[in-house]
Amino acid sequence: MTISYTSWWSCLLLLLMPMIFHGQENLTAYWQPQMALNYRVSNNYSHNFSLAHRSYVIEDGDFRFKGRQIDLVHFSKFNVQDNQSVSLGVQYRFRNIFDGKQDELRLTQQYNITSSPLVVRFGHRLRTEQRILKNLTIHRFRYRFASDFPLKGEKLDIGEPFLIASMEQLLSVSKGSSPQYDVRLTGQMGWKMDRKLKLLVGIEYRMEDYTFATPQNILFLLTSAQLSF
């Protein structure tokens, strides 16, 4: 199964451009590099630690580069079957040091199931979150459908690329506020550098509060390094 890199990126850009330019007056863009460490404790239990930094590239329609936040995240993952897992996570978002806004503590509960009928692997993820701020707790419910596959052959070997694509729907509710509905579309290309290291680069488009008259359009440039033991 050999797929052209250019074809996939072209399709993704064609999909995103009408949505982006339609709402470019309220477009925000970020660059978000991330480092992740996966540590396997046993066959059924593993840890994930990650550190991400989000910086503005476009804010209020103007080009600028400045930091917005740092996210420190930990997940404990329990495999309940070969293709199913449950996870518990905790995240702390450092925001106050950048713009004076509140830091955030986030608790996460997650269920994930995958299937691989052919070369492509499909994944369904259900996630609930409690975003805890000083005077407010936001409850968020998320569903993500994702797929990934090698871009050369039927098996991912060292030095070869792979593609990850996903679509996610989110619902946020809090006391005294109307429900907020978001959607996220993500495409990333990765390379398996060796047995432990993967590098990824991609883009993500978010439409936040899309039932509102003027939804927010957010674009991410994503870069990440994943190290597994």
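1. Start with the surface. In this predicted model, a nonpolar patch of about 650 Å² is built from Leu 51, Leu 72, Val 90, Tyr 92, Phe 94, Ile 97, Leu 105 and Leu 107. Two elements give two or more residues to the patch: strand S4 (84-94) and strand S5 (104-115). S4 makes the largest contribution, with 3 residues.

2. Phe 94 belongs to this patch. Its place is in strand S4. Phe 94 has 31% relative accessibility, so it counts as partly exposed. The cut-offs explain that label, because buried means under 20% and exposed means over 50%.

3. Now the overall fold. 11 strands close into a barrel. Their order is S1-S2-S3-S4-S5-S6-S7-S8-S9-S10-S11, and the pairing is mixed. On average, neighbouring strands of this sheet are turned by 20 degrees against each other, direction ignored. As background, strands of a sheet pair through backbone hydrogen bonds, in either the parallel or the antiparallel sense.

4. S4 and S5 are antiparallel partners, with 10 bridges. Here Arg 93 stands opposite Glu 104 in S5. S5 and S6 also pair in the antiparallel sense, over 11 bridges. These two strands form a hairpin, with 5 residues between them. Arg 106 has Arg 131 in S6 as its bridge partner. Strand S6 (residues 121-132) then pairs with strand S7 (residues 137-150), antiparallel and over 12 bridges. Across that pairing, Arg 125 faces Arg 144 in S7 as its opposite residue.

5. Next, the charges. The structure holds 15 salt bridges. In general, side chains of opposite charge can pair when their charged atoms come close. Which residue forms a salt bridge with Glu 104? The partner is Arg 131, and the closest N and O atoms are 2.9 Å apart. The pair links distant parts of the chain: Glu 104 sits in strand S5 and Arg 131 in strand S6, 27 residues apart.

6. Are Glu 104 and Arg 131 buried or exposed? Glu 104 has a relative accessible area of 5%, so it is buried. Arg 131 has 17% relative accessibility and therefore counts as buried.

7. Another salt bridge joins the side chains of Arg 127 and Glu 129, at 3.8 Å from N to O. Arg 127 is buried because its relative accessible area is 13%. Glu 129 is buried too, with a relative accessible area of 2%. Salt bridges that share partners join Glu 104, Arg 106, Arg 125, Arg 127, Glu 129, Arg 131, Arg 140, Arg 142 and Glu 168 into one network.

8. The side chains of Arg 64 and Asp 62 meet in a salt bridge, 3.7 Å from N to O. Arg 64 is partly exposed, at a relative accessible area of 37%. Asp 62 also counts as partly exposed, at 41% relative accessibility.

9. The whole structure has 7 aromatic pairs. In one of them, Tyr 30 and Tyr 56 are tilted, at 5.1 Å centre to centre and 40 degrees between the planes. This pair links distant parts of the chain: Tyr 30 in strand S1 (residues 27-40) and Tyr 56 in strand S2 (residues 45-59), 26 residues apart. Both Tyr 30 and Tyr 56 are buried.

10. Tyr 181 and Tyr 210 make another tilted aromatic pair, at 6.3 Å centre to centre and 50 degrees between the planes. Tyr 181 is in strand S9 (residues 180-192), while Tyr 210 is in the loop between strand S10 (197-208) and strand S11 (216-228), 29 residues away. Tyr 181 counts as partly exposed, at 33% relative accessibility. Tyr 210 is partly exposed as well, with a relative accessible area of 31%. Elsewhere, ring pairs link Tyr 30, Tyr 56 and Phe 220 into a cluster.

11. S9 and S10 pair in the antiparallel sense over 11 bridges, and a hairpin joins them through 4 residues. Gly 187 lies in strand S9, and its bridge partner in S10 is Ile 203. Gly 187 is buried, because its relative accessible area is 5%. Its C-alpha atom is separated by 9.7 Å from that of Ala 146, 41 residues apart along the chain. S10 and S11 run antiparallel, joined by 12 bridges. There, Arg 206 has Ile 218 in S11 as its bridge partner.

Conventions: Residues are numbered from 1 along each chain as its sequence is written. This is a predicted model: local features need pLDDT of at least 70, side-chain atom pairs count only at pLDDT 80 or more; totals for chains, interfaces and linings use all residues. Side-chain values use heavy atoms; hydrogens and water are left out. Two strands pair if DSSP finds at least two bridges between them. Axes are lines fitted to C-alpha atoms, for helices over the stretch in contact, and angles run from 0 to 180 degrees between N-to-C directions. Patches are made of residues with over 30% relative accessible area and no salt bridge: like charges are joined within 9 Å, nonpolar side chains (Val, Leu, Ile, Met, Phe, Trp, Tyr) within 5 Å. Accessible areas come from the Shrake-Rupley method with a 1.4 Å probe; for residues, only the protein chains shown count as cover. A salt bridge is a side-chain nitrogen of Lys or Arg within 4 Å of a carboxyl oxygen of Asp or Glu. Buried means under 20% relative accessible area, exposed over 50%, partly exposed in between (1.4 Å probe, protein chains only). Rings of Phe, Tyr and Trp (its six-membered ring) pair if their centres lie within 6.5 Å; planes under 30 degrees apart count as stacked, over 60 as edge-to-face and the rest as tilted.
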